[in-house]
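Trainee: I am new to this structure. Please take a close look at one part and then connect that part to what surrounds it.

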There are 2 protein chains.
Amino acid sequence: MILIGERINAGFKDIKNAIVNKDGDAIKEWARKQADANATYIDVNLGTASNKPEDLCWMIEMVQEEVDTLISVDNNKPSMLKEAVPVCKKPPLINSTTAVEEKMNELFPIVAEHGASIIGLVMDEAGSPKDADKRVENAGKIIAKAMEFGLSPEQIFLDPIVMPLKFMQEQASAVLKAANQFQLFSDPPCHIVCGLSNISNDTKHQKLINRTFLTMLIANGLDAAICDVMDKELVSAMLTADLVMNRQIYADSYIEAFSKK
Amino acid sequence: MILIGERINAGFKDIKNAIVNKDGDAIKEWARKQADANATYIDVNLGTASNKPEDLCWMIEMVQEEVDTLISVDNNKPSMLKEAVPVCKKPPLINSTTAVEEKMNELFPIVAEHGASIIGLVMDEAGSPKDADKRVENAGKIIAKAMEFGLSPEQIFLDPIVMPLKFMQEQASAVLKAANQFQLFSDPPCHIVCGLSNISNDTKHQKLINRTFLTMLIANGLDAAICDVMDKELVSAMLTADLVMNRQIYADSYIEAFSKK
């Protein structure tokens, strides 16, 4: 599984303050913690703290001063990405495009130029899809356009768009069904990713819902997640699901081995 | 979800002793505990403690003296079932047939006569299947034969045959794939069931593996499980997966509500 650490996001107050006050230590601390928890990528998101490219670049630099983990640049504006992506020492994951033609035409050249990867949210001009079929249709548009720009399936992370279970319960099984079908677009398939914590928005049993939905998504082909990599029960469930999918070799102490990596 | 309580099985020493000593209280205690934990069926298995129909009938009677939960008669011998099934006050679940023609010809008339249900293990003369395709092929044989005897899809519980993750790791994803395809045989579909604890045989993290695999199976259509209904974390994961599949209406206190039922 590809784990994308969600914590360096200005939606969290400590990160917002760090950006406003240019407090690099707060950024570095979360970079270190998430890297130690075996994050594959560290997501970096300015949120509403700033709209200046130099602030996004500064965040990336702070992370890279502390760890050599891959960066997920969580921004969808070409003007921002054109400055931030070259700052990344290794090809980053861009988070994200939609299936909107104009957006893809702006972002895919940046992905191609830097050998980067990109998350493709399966929404279009009409907004978020309401069923599995629309999700698959939009995924198809993203794949087709990516091929035009010479991108390989491995550079595309399809995101079926997770909705809150509490408010749009019927969407959860549509997301599973869509993810399952995303696997059929190519061989090898694209990556399949989600922003996990949305599923448990405003619920009482958030962590239980997060980890249960994660394993159900993995059973339908998901191989990447933007999530709380510090949640040990979530990671244990993910590791177990990886064994079930035969992606890792079974060992009695598979959880202990992962936490000591 | 249909929960089948696994505990009244002579594979457990206390149950074996209870059968040998005709200690009805030990049977009743486990019947009560599992019924209180919301088991839909209580499985009753003689194991190697006895091969006498009257002992199986006695076990069923002990359970029925204590609770009015449905019975799963865990035996595959027609001579035993012909005596035990009529003892059940409500139509039981027979556990189980295979896809072997002769076996189905013996057992399906008993199912039909009593309006019972039956678990169909997707194995044949050649033994346990090694891949998803063979599981689906054997499931097809079971469904076709059941239709000949006038059984409805709701009377059939297809079991994709769970193998130990530790020793046959590649079988786990084959089981998921097969379960997914079992859904396509009819509309409404058959039930899909498994003997869950086999997945974690001889592993260090048994309960984690059980509950993770259960939710992954539910994501692929499983709606019944023979399992430890006393395992609260397992049941919480199952309830959460049921919400994801939109089988139960979301409520903040869905776990608390279930445990108070």
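Mentor: A:Cys194 is buried, as its relative accessible area is 0%; buried means under 20% relative accessible area, exposed means over 50%, and partly exposed lies in between, with a 1.4 Å probe and protein chains only. This is a predicted model, in which local features need pLDDT of at least 70, side-chain atom pairs count only at pLDDT 80 or more, and totals for chains, interfaces and linings use all residues. Residues are numbered from 1 along each chain as its sequence is written, chains are lettered from A and ligands numbered from 1 in the order in which they are written, and side-chain values use heavy atoms, with hydrogens and water left out.

A:Cys194 sits in the loop between strand S7 (191-192) and helix H8 (206-218) of chain A. Helices (H or I, at least four residues) and strands (E, at least two) are DSSP runs, numbered from the N terminus. Apart from neighbours within four places in sequence, A:Cys194 has contacts to A:Asp159, A:Val162, A:Leu217, A:Leu222, A:Ala224, A:Ala225 and A:Ile226. Contact here means heavy atoms within 4.5 Å. A:Leu214 is 20 residues from A:Cys194 along the chain, and their C-alpha atoms are separated by 9.0 Å.

Helix H8 of chain A also holds A:Arg211. That arginine is buried, given its relative accessible area of 15%. Residues up to four places away in sequence aside, A:Arg211 touches A:Glu233, A:Leu234 and A:Ala237.

B:Pro188 is placed in the loop between helix H7 (170-182) and strand S7 (191-192) of chain B. Most peptide bonds are trans, and most residues other than glycine have a negative phi.

The phi angle has its own cases in chain A. A:Ile161 is not a glycine, yet its phi is positive, at about 70°. It is found in the loop between strand S6 (156-159) and H7 of chain A, and A:Ile161 counts as buried because its relative accessibility is 9%. A:Asn246 also has a positive phi, near 65°. Its place is the loop between helix H9 (232-244) and helix H10 (254-259) of chain A. A:Asn246 is partly exposed, since its relative accessible area is 36%.

A:Arg135 belongs to helix H6 (residues 132-148) of chain A and counts as buried, at 0% relative accessibility. A:Arg135 and A:Gln181 are 46 residues apart along the chain, while 9.5 Å separate their C-alpha atoms.

Now for the chain around these residues. Chain A has 10 helices and eight strands, and buried residues account for 61% of its 261 residues. Its radius of gyration is 18 Å, which agrees with the value near 18 Å that a compact globule of 261 residues would have; the radius is taken over C-alpha atoms, and the globule rule is 2.2 Å times the number of residues to the power 0.38. The C-alpha trace of chain A spans about 45 × 45 × 35 Å along its principal axes. Of the contacts in chain A between residues at least 6 apart in sequence, 69% join residues at least 24 apart.

Chain A is assigned domain 1 (1-90) and domain 2 (94-261), with bounds that come from an automatic or database domain assignment. The centres of domain 1 of chain A and domain 2 of chain A, taken over C-alpha atoms, are 20 Å apart. Across this pair, 24 residues of domain 1 of chain A are in contact with 29 residues of domain 2 of chain A.
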